[in-house]
Amino acid sequence: MFAYMDMKFIDTHTHLFLPEFDSDRNQVISNAKSVGVEKILLPNVDSSTISNLFKLADKYPDYCFPMIGLHPTSVKPNFRNELNQIEKWLKERKFCAIGEIGIDLYWDKAYKEQQEEAFRYQIDLAKKYDLPIIIHARESFDEIFDIIDDVIDERLYGVFHAFTGDEKQAEKIVEWGFKIGIGGIVTFKNSGLGNVVKNIDIHHIVLETDSPYLAPVPKRGKRNESANIIYIAQKIAEVKDMSLQQVAQITTHNAKQLFKL
Ligand code: NI
């Protein structure tokens, strides 16, 4: 671990408050610290995850930064009630972003209209509270792009999380002033994402693990954790022909600027 001591990373997307980490959450944090992860950002899922999210953020106030939002796969007939709770919390405590929000047509298309309404509503909240948004897009790039195109203005900014799109989509995202969240998928052999990342300016990239999901190679298939961010950074350094130090320094700077950390 000595080699990493001069490097700092920010994991801009981890669900460390989920039950997958109940048995060793403190250990996972010390693993992250040992490779130079200096902050981790926590996207919410829905009202059922809020109390564990806050518990973690309160225990590590200078290390774990909560977001608030309703995940698209949690949009159900009760979604307006969920959105009311989010708005209530926005008035009561500090968050680094609205997330994660978006549209997911992979798991379930039944609530597509409701997902779109919830997404637009939370975009309005982000503008009102001057917070970045974390966008989850799964089999929904066209729908998401149409909405962003419709509502984009100088008050709207954020991250396309777990980006898996093509170069044209990356260009559009950069044009809007959004950051591109790169995680474990970039290390997957057949993802093709490395070739896209190669042509994205590093100043538009933030790192994320999305743990416990999407563990990078060589940990693929296992429970993911923030310390694995090192494999993602290494892969980006490789495809962009940069040093690991440069990737660490610039992506950390990008994250600090975006999230006002
Ligand atoms: Ni996530």
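## About the model

This is a predicted model, so local features need pLDDT of at least 70 and side-chain atom pairs count only at pLDDT 80 or more, while totals for chains, interfaces and linings use all residues. Residues are numbered from 1 along each chain as its sequence is written, and side-chain values use heavy atoms, with hydrogens and water left out.

## The sheet

Three strands make an open sheet, ordered 1-2-3 with parallel pairing. Strands (E, at least two residues) and helices (H or I, at least four) are DSSP runs numbered from the N terminus, and two strands pair if DSSP finds at least two bridges between them. Strand 1 (9–11) and strand 3 (64–66) sit at the edges, each pairing on one side only.

Strand 2 (residues 37–42) is joined to strand 3 by three bridges, and Leu41 stands opposite Phe65 in strand 3.

## Helices on the sheet

Helix 2 (residues 50–59) lies across strand 2 and strand 3, at about 140 degrees to strand 3. Helix 8 (residues 229–240) packs on the sheet too, touching strand 1 and strand 2. Contact means heavy atoms within 4.5 Å; angles run from 0 to 180 degrees between N-to-C directions, with axes fitted to C-alpha atoms, for helices over the stretch in contact.

## The nickel site

His13 (NE2), His15 (NE2), Glu100 (OE) and Asp210 (OD) are the protein donors of the nickel ion, 2.1 to 2.5 Å from it. Donors are N, O and S atoms within 2.8 Å of the metal (3.2 Å for Na, K and Ca); water is not among the atoms, so sites may look incomplete. His15 lies in the loop between strand 1 and helix 1 (25–34) and Glu100 in strand 4 (residues 98–104), so this pair ties together parts 85 residues apart in sequence.

His15 counts as buried at 2% relative accessibility, and Glu100 is buried with a relative accessible area of 2%. Buried means under 20% relative accessible area, exposed over 50%, and partly exposed in between (1.4 Å probe, protein chains only).
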